[in-house]
Amino acid sequence: MVQPASGESAVIELTGIERRFQVGDQVVAALRGVDLTLGDGDYAAVMGPSGSGKSTLLNILGLLDRPDAGTYALGGVETTSLNEERRARLRRERIGFIFQSFHLIPRLTAAGNVELPLTLAGVAPKERRERVAAALDALGLTPRAHHRPDQLSGGQRQRVAIARATVMAPELILADEPTGNLDRASGEEVIRALEGLNARGLTLILVTHDPVLGGRARRRIRMADGAVAEDLCA
Amino acid sequence: MRLRDTLGFAFQALGSHSARTWLTLLAVGLGTAAVVLLSALGEGARAYVEDEFTQLGTHLLIVFPGRNETTGGPPPLLGETARDLTLDDALALTRARGVARLAPLSVGQAKVSAGSREREVNIIGTTADFLGVRHLSMAQGQFLPPGDPTRGHAVVVLGKTLASELFGHHQAVGGWVRIGERRFRVTGILADTGQSLGDTLDDLAIIPVASAQALFNSPGLFRILVEARGRSALPGAEAAIKDLIRARHEGEDDVTVITQDAMLATFDKILKALTLAVAGIGAISLAVAGVLIMNVMLVSVSQRTAEVGLLKALGAAQGQVAALFIAEALLLAGAGTLAGLGLALGAVQGFNGIFTSFQLVIPAWAPIAAVAVSLGSGLVFGLAPALRAARLDPVVALTGR
Ligand SMILES: Nc1ncnc2c1ncn2[C@@H]1O[C@H](COP(=O)(O)OP(=O)(O)OP(=O)(O)O)[C@@H](O)[C@H]1O
Ligand SMILES: [Mg+2]
């Protein structure tokens, strides 16, 4: 068990996390007793074979899923006992998601997609426009602001998704195979954008199958069969 | 989330699956138009009847032979049938309190012929006052002569249609027609009356009441039209008529007196009920359109599962997701209703422009009811799909498992 780098406060504390799925009359244990602590500003890569529980872990970290057992404290707040409303609020304010398949809304422009979290949070239109413009600018997407997703390349789409994940200024970015659908060059662009966020102090957790990408992270967590098999700190 | 943003998001979502949206709008629009048009038809009929009654004169009483109300006694046995209402009764009524003038009516059908042309029409036997009591006027010649109503002169007044069918382009006034066994001289032709409560006065012959009684071989009158001295004289006249007839009929209350107002009120009630009934049928079609809204929303939710998952990942609570989909259903219902109201308004104006004798009248409550039913069914039928979306498990929704 590797502790977070000294001097950093823990942003994530998982203890004894279990997650089981009922498939027919069989029970699949996707996570069995995961303990994990991540510090503020950490950069962790989660690797491991297919079916080892990486996505399940990320979904629990993102409060999209609830563990069957164990506790999860996010920024000092114990989350497993919170109601759905409070968990939605934590997602909105503290967590940014990036998915392998982008999950952009096709009828909305790049700016519209980036604006969505602000709209859901009830931010005033004027402030929304300013923050959207800033988020798009930070990812070099200003010329593409009024393009719809089908008019953008894969790398551009994923950068729009990153802009959307950061526009609410969260402290935690969760990315599940963000480069899985991209060619090398676009993937490299996206990873650099994510590392740029980490450099500004955001905690970054990246699920990847690519050992080269994984190797760039300061912290490398290897999952196997629903448990943490290896946890290396650079 | 702000209401404006909720509506804006819902609007964009609707725009993105336009074929389904348009079809649903069409259904809601037609349902709304049905409610408004059907009630406009009913209200138009009511206004039409009211208008006709007022044309007849507002202080009219009608005396029928026979009792109208059932008193619970045994049915009249043989020989106990109601006494006829006779011409003498009518003449006596002219002296009753509150009565201005009256016209006895004896009605039947007979063949009327002139030369080789023959028609079977309604024959009305009455007196000179009929013209004034019914507010009629002459196109040509004179109406029946005043004078002793018990004398059956051989004169006839023809309705406009009948006159032209019997005489063609020839001069009818002064000519002769044969009714039954008797020859009658044509003294006049009625002016065009149009429809009057459904039965036209254009296709009949009017002869002196005594002549009609002889023709039909019956002393009984069909009814007596009585004009009271004024609206306020109506109740007094009604009582006086009943008293007088009772005295003449050996204490029997064997006539029915109906006032114009009572008849109007009855028609009014019937037509109002009818209007509500047809509007209700329209409302059902509108509710059915609500089922279509539900269908569209269910398809929408299942096609946009990933989007719902994303919204939740971005921090939308269940209530917010539900609100987005309910807003969509309400937008569909609202826009469809607006279009339907426009359609109905246009149709009513078009109809009223073409047909001048019968006008459609949209009652004020109809659009309000249509909007209420439409939004209500949008809400009710939008609720289930919205809740389904709100309860989606975000992980399942995002991975499409
Ligand atoms: N909703 C679910 N229902 C049933 N089984 C599930 C569900 N989600 C995950 N599992 C199972 O849990 C295990 C872990 O799945 P998970 O998606 O976390 O793997 P992963 O490490 O992300 O794999 P991959 O690299 O292929 O994405 C698998 O055996 C999977 O079949
Ligand atoms: Mg996975």
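This is a predicted model: local features need pLDDT of at least 70, side-chain atom pairs count only at pLDDT 80 or more; totals for chains, interfaces and linings use all residues.
Modeller: Residues are numbered from 1 along each chain as its sequence is written, chains are lettered from A and ligands numbered from 1 in the order in which they are written, and side-chain values use heavy atoms, with hydrogens and water left out.

Colleague: How many salt bridges does the structure hold over all chains?

Modeller: Side chains of opposite charge can pair when their charged atoms come close. A salt bridge is counted when a side-chain nitrogen of Lys or Arg lies within 4 Å of a carboxyl oxygen of Asp or Glu. Over all chains, the number of salt bridges is 36.

Colleague: How many residues apart in sequence are the parts tied together by A:Arg19 and A:Asp65?

Modeller: A:Arg19 and A:Asp65 form a salt bridge whose closest N and O atoms are 2.9 Å apart. A:Arg19 lies in strand E1 (residues 10-23) of chain A, and A:Asp65 in the loop between helix H1 (54-61) and strand E4 (69-74), so the pair ties together parts whose separation in sequence is 46 residues. Here helices (H or I, at least four residues) and strands (E, at least two) are DSSP runs, numbered from the N terminus.

Colleague: Is A:Asp65 buried or exposed?

Modeller: Buried means under 20% relative accessible area, exposed over 50%, and partly exposed in between (1.4 Å probe, protein chains only). With a relative accessible area of 7%, A:Asp65 is buried.

Colleague: Which helix holds both A:Glu93 and A:Arg89?

Modeller: These residues form a salt bridge, with the closest N and O atoms 3.5 Å apart. A:Glu93 is partly exposed at 34%, and A:Arg89 is partly exposed at 42%. They lie 4 residues apart, about one turn, in helix H2 (residues 84-94) of chain A.

Colleague: Where does B:Asp203 lie?

Modeller: B:Asp203 forms a salt bridge with B:Arg119, the closest N and O atoms being 3.0 Å apart. The pair links distant parts of the chain, 84 residues apart, with B:Arg119 in strand E3 (residues 117-126) of chain B. B:Asp203 itself lies in the loop between strand E9 (199-200) and strand E10 (204-208) of chain B.

Colleague: What percentage of the accessible area of ligand 1 does the protein cover?

Modeller: Ligand 1 lies between chains A and B. One of its oxygen atoms is 2.8 Å from an N or O atom in the side chain of A:Ser55, and an oxygen atom of ligand 1 is 3.2 Å from an N or O atom in the side chain of A:His209. On its own, ligand 1 has 630 Å² of accessible area (Shrake-Rupley method, 1.4 Å probe).

Colleague: Which element gives the most residues to the shell around ligand 1?

Modeller: The elements that give two or more residues are E1, strand E2 (26-39) and H1 of chain A. The largest contribution, 3 residues, comes from H1(A).

Colleague: What is the order of the strands in the open sheet of chain A?

Modeller: Two strands pair if DSSP finds at least two bridges between them. E1(A) and E4(A) pair in the antiparallel sense over 5 bridges, while the edge strands, each pairing on one side only, are E2 and strand E5 (77-78) of chain A. The order of the 4 strands is E2-E1-E4-E5.

How values were computed
A residue is near a molecule or strand if one of its heavy atoms lies within 4 Å of it. A polar contact is a pair of N or O atoms within 3.5 Å; within protein, one must be able to donate a hydrogen and the other to accept it, and residues adjacent in sequence count only if both atoms are side-chain atoms.
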